[in-house]
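Please examine the sequence and the structure shown below.

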Amino acid sequence: MTKNKAKHEPLFHVVRRTSMPAWQSISIRALSILAAFLVCCLILLIAYQCDPITFISSLFNGVFGTERRIWLFLYDLAILLGISLALVPAFKMKFWNIGADGQTLIGGLGCVAVMHYLGGVLPDAGVIAISLVVSILAGGIWGLIPAFFKARFKTNETLFTLMMNYIAIQLVSFFINTWVSSGTGVLKPIDTGNLPTIGGNTYLLTIILVAILLVFMSVYLRYSKHGFELSLVGENENTARYAGINVRKVIIRTMLLSGVICGVMGFLMVSGYTHTISTSLVNGRGFTGVIVTWLSGFNPLYMVLTSVLFVFLSRGTSQVITNLGITNSAIQNIVIGIFYFCIIGFEFFIRYQVLFTKNGSKRNSSLVKGLEVKAESKEA
Amino acid sequence: MENAIELKNITKRFGTKVVANKNVNLTLRKGEILSLLGENGSGKTTLMNMIAGIYYPDSGSIYVNGEEAVIKSPRDAFSYKIGMIHQHFKLVDIFSAAENIILGLKERYNLNKVNKMVKDIANRYGFDIDPKKKVYEMSVSEKQTVEIIKVLYRGADILILDEPTAVLTPQEIAKLFTILKSMKKDGKSIIIITHKLNEVLEISDRVSILRKGKYIGTLDTDKTNESQLTEMMVGKKVDLEIDRFHTSFDELLLEVKDLSVLGTENHRAIKHINFDLRAGEILGVAGITGCGQKELCEAIVGLHPIKSGDIIHKGQSIANLTPRQIIDKGIAMSFIPEDRLGMGLAPSFSITDNMMLKTYNEGKLPFVDRKKARAEAINLIKELDIVTPSTEIAVKKLSGGNVQKVLVGREISAGPNVIITAYPVRGLDINSSYLIYNILNKQKAKGVGVLFVGEDLDVMLSLCDRIMVLCHGKMMGIVDATKTTKEELGMMMTGKEKISDDISGKETQNDQK
């Protein structure tokens with residue numbers, strides 16, 4: 001009997017944490033980034049004989065090496081953060097909008113269309129104003145359609161928003177084919193009706209606008225009545241109805257906001273920087289934004305930190321492969337993947353703790369003692 | 001004579017903080033009925049789950065028939081002839097009784113043989129069962145019968161029943177107790193988990209008491225009484241009297257006229273109900289689970305659409321208005337729903353944010369007034385002794401009693417003239433329950449009309465002025481709580497028309513005068 005019993009004793013227990021001091025969770029997160037760096041160094045060392053110092057230095061060089069690179073870093077950061085900020089109200093409402101790619105792209109398409117047809121016909125200011133309105137409308141509609149179906153018929157918003165991405169991509173291809181008569185299939189940048197630069201700096205205006213958006217969204221979510229309503233709908237629809245909230249209205253209003261901000265981001269990208277459009281304008285930022293939003297626990301200020309990390313990695317790694325002369329760009333995704341894996345994986349240690357059972361005859365009692373010590377230290 | 005089960009120093013923890021059981025000792029003698037008494041959260045079910053093989057103790061040992069036993073799974077438990085009937089039934093709806101009974105057994109599928117054996121067991125102990133009936137066609141008490149026979153079929157000599165009476169009517173309880181007694185005569189040993197004192201005294205030979213996961217003691221039932229048991233269960237003396245008084249308000253607050261409401265599956269959940277609620281009274285609503293109480297409450301407060309009929313608040317129809325429209329009409333109606341964290345409160349919101357759940361929209365600014373809500377939260381914490389580290393903690397982290405205090409406190413502080421409340425003490429300990437009764441009584445004294453959907457008939461009989469009984473969405477009648485009995489209510493709950501004279505609200509009022 002006792003032998004049988006010993007066999008059954010588990011070696012360790014996984015226990016959900018009730019709380020954790022801030023310094024501990026911060027150091028666990030720092031540790032996860034450190035671990036990711038170590039694994040990446042190891043892989044590059046084995047695969048490309050690249051020593052860790054070269055790897056890390058080219059990573060930083062790629063991001064901060066020149067003034068232009070710093071501006072590009074900040075600009076990329078602003079775009080990713082802007083799209084993530086568009087997602088966060090929807091996510092807080094537990095509306096899984098994974099269609100930010102499409103909503104941004106369709107906003108960009110609206111802007112390009114106005115520039116294409118009215119550029120040079122109207123004064124620049126008029127073109128800019130009209131293209132902003134059209135972008136807002138386009139993004140808003142792209143957000144509104146799945147929201148309407150969700151609110152009215154309870155359709156699954158994840159699939160719906162995802163499919164809307166492909167419609168946006170196909171529309172962009174269609175219009176490029178219509179506008180470009182030659183066989184290149186590339187729409188040349190349109191130089192009329194562009195957003196002005198600030199002192200010759202193309203990036204600054206976008207960066208400032210996203211900074212304003214950041215403040216707005218933080219306040220909107222935390223202090224406004226709308227913010228209260230949408231988090232209540234996300235928390236529990238029944239509670240929201242109990243509190244007298246019109247759930248359908250809130251779903252539609254919030255997704256409209258989400259889509260409109262995406263549309264504005266599309267406008268900023270096209271009118272402020274690319275001046276043209278291709279199907280890869282947004283380049284998956286709508287999906288990266290999902291991770292940024294989730295990892296920061298829907299807190300706009302933490303979202304700055306997570307987007308810094310992701311933009312740093314994507315810009316840094318592209319410099320790494322250039323410096324090392326690696327033609328296989330898969331390594332870039334591998335590095336980013338390792339970081340995702342470590343950061344998300346280490347969350348386990350923030351949420352749970354592992355308690356080991358000691359070997360020997362007093363297995364039971366040692367586990368209990370360990371637990372008691374833990375419990376007492378918690379209470380103290 | 002050796003003991004059927006002996007537990008020695010059993011400890012079980014969940015996570016690092018929660019000690020569900022701490023060094024518990026317990027003895028079940030052969031051929032006795034032992035009650036396991038304790039408040040909600042005192043660790044009764046956890047302890048029994050360790051005997052039934054659902055959990056494994058962190059430390060301590062279990063002896064079955066004098067030998068140390070290792071029970072790693074329910075299958076192990078059956079090999080020791082131990083069977084547990086859980087509070088929430090674990091049956092397959094689309095299977096028949098017989099199919100459910102042999103489910104999981106490694107024997108030849110021979111329904112004729114099974115049917116015969118089931119009949120044998122039923123005859124021996126006095127069960128009523130049709131082995132061919134499908135589970136989805138069964139009433140709660142029939143399902144329970146299937147669960148018990150399932151355990152007996154597997155040859156159990158030791159039976160554990162987790163709160164078996166919680167879902168039954170008084171008549172069904174009496175029948176169950178007869179069966180338990182005949183099983184005891186047959187030599188079975190039985191543990192029955194409960195927190196109802198009268199049942200403990202009625203059915204069991206001995207009673208063991210747990211409090212906050214600790215073993216307090218065991219008493220012979222014939223040498224104890226309710227107040228001693230309560231004291232052991234709660235840890236201090238508790239006054240179990242509920243004060244009922246008559247008020248002299250005579251205002252008609254709420255009239256429900258020929259109300260019909262469709263349930264979720266489009267069947268009629270409430271059928272042509274008529275009643276009224278007056279100022280300064282508590283009107284009880286009794287009925288077995290799912291007889292339309294939930295739909296009735298939600299229809300009144302505007303959370304459930306109405307099929308036909310009318311609801312009138314002080315002469316103003318509120319039928320089919322949304323909660324917001326009702327608030328905007330200036331009607332102060334509070335609703336304490338049965339699902340606290342699923343409807344009445346937002347579990348991951350702070351106490352402060354929960355305070356402004358219904359009032360966040362006040363004021364012209366686009367911002368919420370958290371300062372005012374925080375002040376209200378501080379007030380409430382002081383007034384109702386809510387145990388919490390701060391106003392900013394998520395309500396889901398509070399204990400059940402404190403959660404309910406937040407909900408009830410908020411609803412009361414809105415100054416309502418009608419309170420609709422469904423199972424307001426479900427899952428609460430005795431102290432919190434009596435605090436809630438007191439709060440409701442105070443509101444009644446102030447002239448508030450209270451609609452009280454309850455499940456404990458003893459409490460309803462001593463708290464309510466009148467009791468309305470529902471059965472399958474039909475109103476079976478309204479009886480005077482001072483003149484009726486538990487048995488009469490039980491009969492009405494299962495569909496028999498009222499026996500004593502039906503009384504309307506007007507007549508009660510005249511009686512009181």
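The points below are grouped by topic. The structure is a predicted model. Two packed helices are described by the angle between their axes and by the distance between those axes.

**Helix packing in chain A**

- Helix α6 (residues 124–153) of chain A and helix α7 (residues 157–179) of chain A have axes that come within 10 Å and cross at roughly 150 degrees.
- Because angles over 145 degrees count as roughly antiparallel, α6(A) is roughly antiparallel to α7(A).
- The crossing of α6(A) past α7(A) is right-handed.
- On α6(A), the contact is formed by Trp142(A), Ile145(A), Pro146(A), Phe149(A) and Lys150(A).
- On α7(A), the residues in the contact are Glu157(A), Phe160(A), Thr161(A), Met164(A) and Ala168(A).
- By type, the residues of the contact between α6(A) and α7(A) comprise seven nonpolar, one polar and two charged.

**A strand of chain B covered on both faces**

- In a regular strand, side chains alternate between the two faces of the sheet.
- In strand β6 (residues 82–85) of chain B, Ile82(B) and Met84(B) lie on one side, Gly83(B) and Ile85(B) lie on the other, and all are buried.
- Strand β7 (residues 158–162) of chain B runs parallel to β6(B), and four bridges join them.
- Gly83(B) has Leu159(B) of β7(B) as its bridge partner.

**An open sheet in chain B**

- Four strands of chain B form an open sheet in the order β12-β11-β14-β15, with antiparallel pairing.
- Its edge strands, β12 (268–278) and β15 (316–317) of chain B, each pair on one side only.
- Two bridges link β14 (residues 308–313) of chain B to β15(B) in the antiparallel sense.
- Opposite Ile312(B) stands Ser317(B) in β15(B).

Note on methods:
Residues numbered from 1 in each chain as written. Chains lettered and ligands numbered in written order. Predicted model: local features only at pLDDT ≥ 70, side-chain atom pairs only at ≥ 80, totals over all residues. Axes fitted to C-alpha atoms, helices over the stretch in contact; angles between N-to-C directions. Parallel < 35°, antiparallel > 145°, perpendicular 65-115°, else oblique. Left-handed = near helix turned anticlockwise from the far one by under 90°. Contact = placed C-beta atoms within 7 Å. Nonpolar A, V, L, I, M, F, W, Y, C, P; charged D, E, K, R; others polar. Buried ≥ 20, exposed ≤ 12 C-beta atoms within 10 Å, placed from the backbone. Pairing = 2+ DSSP bridges.
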